[in-house]
Amino acid sequence: MRLGGRRRKSSGVSTAQLPAGRTAERPEYDPVRGPSGRTPSENLDPPIPAKDFRRRPLTVGGWLVWGAVAFFLVNLVGLVASVVVNSFAVTWFDTWWPSGLTAQYYSMAWQEMALLDVLVVTLQVSAAVVVLSVLIGVPTAYALARRTFFGKRLITVLFLLPILLPPMTYGIPLATVLYKFDLAGSMTGVIIANLVPSVPFVVLTMTPFIEQIDPKIEAAARMCGANTAAVFGRVLAPLLVPGILAASILVLVRTVGMFELTFLTAGPGSQTLVVSLYEAMFSAGIRAQQAVDAMAVIYTGSMLVLLVIALRFVNPTQLVTRLKE
Amino acid sequence: MTVTAPERPSLKHRLAERGVDRTLLLLVPGVLFVVLLFAYPVLYGLQLSFQPAEGGSPFANYSTFFSDPYLADTIWTTLRLAIPAALINVLASIPIAYRLRGRFRGKRFLTTILVVPITLGTVLTAEGLKQYLSPVGWFNRILMALGMDEPMRLVPSWTAVLFSLIITGFPFAFLLTLSYLSGIDPTLEQAAATLGADWRRRFRYITLPLLAPGLAITFCLTFVLAFSVFPSAYLVGLPQGETRVMSIAAYEAAFRDGDYPMGSTIAVIMAVVMLVVIALVLAWRSRLYRGATGGKG
């Protein structure tokens, strides 16, 4: 029933799945809609009265689900708010609310920890990782999605491993190899280390995305005289944009938040925000707790800005397959 | 490639029938990358683990690891933390994603809110938990206002690390499950509804089987996230006790003690334990239906 309601609201649904005989079974619509294959979506309704499920009273299960979501969110808000409030606190000990509010710890954190440099490094590293991983990953995903060949399984496993293995396991050997070639401790090293899980991540998310694009579309384009460049540039690329955006955003978020690999390969001038935050937390006691929290707030704030910008362009659920909406 | 040998035009054709054609050239940069920067360092670490710092038998590091309970027990410590966290994340995201898969007002807002914790990262989550769960933090204050006698000691503890794994892992699991669910063709469920199936039977016989491969992948990915827990185990856990996970042992061996081969050894054992769990899940997944109607992954 819910699905009936859902389908009624959606318009412009693909009519290709509807067998041609379907309209003949419901001849009362034909005079209105005409006998062509382009049946309007209303004709797809199952013969169940469509109800708007938004107005359905919530069941016990519904309450439980919403309760769980609410509990999770309340604790999450409390967790983030404790950090935010403490970063503004003059002093806060054994009370519900700090004794006074001040912003002085932000300027302290900004100056003492050279946050501007850290932010620039973070930005450069993540931009480089996103662009490179898409450039390397998408062609690979295309080949894996469209062809079956000898050794495909092996290659798939090879791309799965860097995602499935914890960064600490391959991070330690990777860091040595990078040190051996004098790459670690610099920005290049951090970018290379972060690419290792990012490229396979793009491949893994883009392969099912490309698989669900009908190969007949490409065949049709070729039939109409398009060459390879035109097939890629004018047919595939527009269809791939949502997937590439989704993959890029996830890579971006992973890179900015990637602690282990950056931690193992970064030198003094190439620490990203999250690593310098960890260092500040680990050496707690040297600095005021509020200054560390101020840094944490700056980190979260920049991540949130990224996320909000990103979510304007992409629906997070488009990660695997595109929604039929 | 021999694909374009001019004197045997049929070879190209025969290879193309087996899926070998110029499209495969697109694989070259990706494969080259993963071999050079992933396979080579891993193999290098592997051979290093057989070269103990003090010399001796190639397996000296491994026998040290398994004979020293302080090191060997980290395997169980890690699994005891990672498996509950991954299971909670996946099992909680199924009903929530199932309920939220339709359209309703504010769906985008709610999805966005649930995505936010991913951006927090483990380091910030640890910082937040430290204050939120502390004896004078808001969590304990609320519990005491509700009638608890004395504050719970939650940081540092095993529970705090589990919380941090749920906070960072659940939204990830939820997002994946929701996208797998959205990928399932709604007409299938409509067909079942037309035949009179109620939502329980639709879920049991239509949605769940199509979703299961996706759930297996979701479990694997959240398990990896939880298994590799490092910063929060240090910051809100008991790094010398209940939450001394393998990554802490590996890190301490390699970077605190400078025994690089031992660090590699622990990293190798860590990878093997992990892959055993993943292989079990994927073996189960390969027995499932994976058709074009969605839920695949």
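A residue is called buried under 20% relative accessible area, exposed over 50%, and partly exposed in between. With those cut-offs in mind, and remembering that this is a predicted model, begin by selecting Asp257(B), which at 49% relative accessibility counts as partly exposed. Next to select is its salt-bridge partner Arg256(B), where the closest N and O atoms are 3.1 Å apart; Arg256(B), at 56% relative accessibility, counts as exposed.

Staying in chain B, select Glu189(B) and Arg202(B), which form a salt bridge with the closest N and O atoms 3.1 Å apart. Glu189(B) lies in helix 8 (residues 186-194) of chain B and Arg202(B) in helix 9 (residues 199-227), so the pair ties together parts that are 13 residues apart in sequence. Both Glu189(B) and Arg202(B) are buried.

Now move to chain A and select Glu218(A) with Arg146(A), whose side chains meet in a salt bridge at 2.6 Å, N to O. Because Glu218(A) lies in helix 10 (residues 215-223) of chain A and Arg146(A) in helix 6 (residues 115-146) of chain A, this pair ties together parts that are 72 residues apart in sequence. Glu218(A) and Arg146(A) are both buried. Over all chains, the structure holds 5 salt bridges.

For the last stop, return to chain B and select Tyr98(B), found in helix 4 (residues 69-100). Tyr98(B) is buried, with a relative accessible area of 8%. Select Phe174(B) as well: it and Tyr98(B) are 76 residues apart in sequence, and 9.9 Å apart in space, C-alpha to C-alpha.

Methods. Residues are numbered from 1 along each chain as its sequence is written. Chains are lettered from A and ligands numbered from 1 in the order in which they are written. This is a predicted model: local features need pLDDT of at least 70, side-chain atom pairs count only at pLDDT 80 or more; totals for chains, interfaces and linings use all residues. Side-chain values use heavy atoms; hydrogens and water are left out. Helices (H or I, at least four residues) and strands (E, at least two) are DSSP runs, numbered from the N terminus. Buried means under 20% relative accessible area, exposed over 50%, partly exposed in between (1.4 Å probe, protein chains only). A salt bridge is a side-chain nitrogen of Lys or Arg within 4 Å of a carboxyl oxygen of Asp or Glu.
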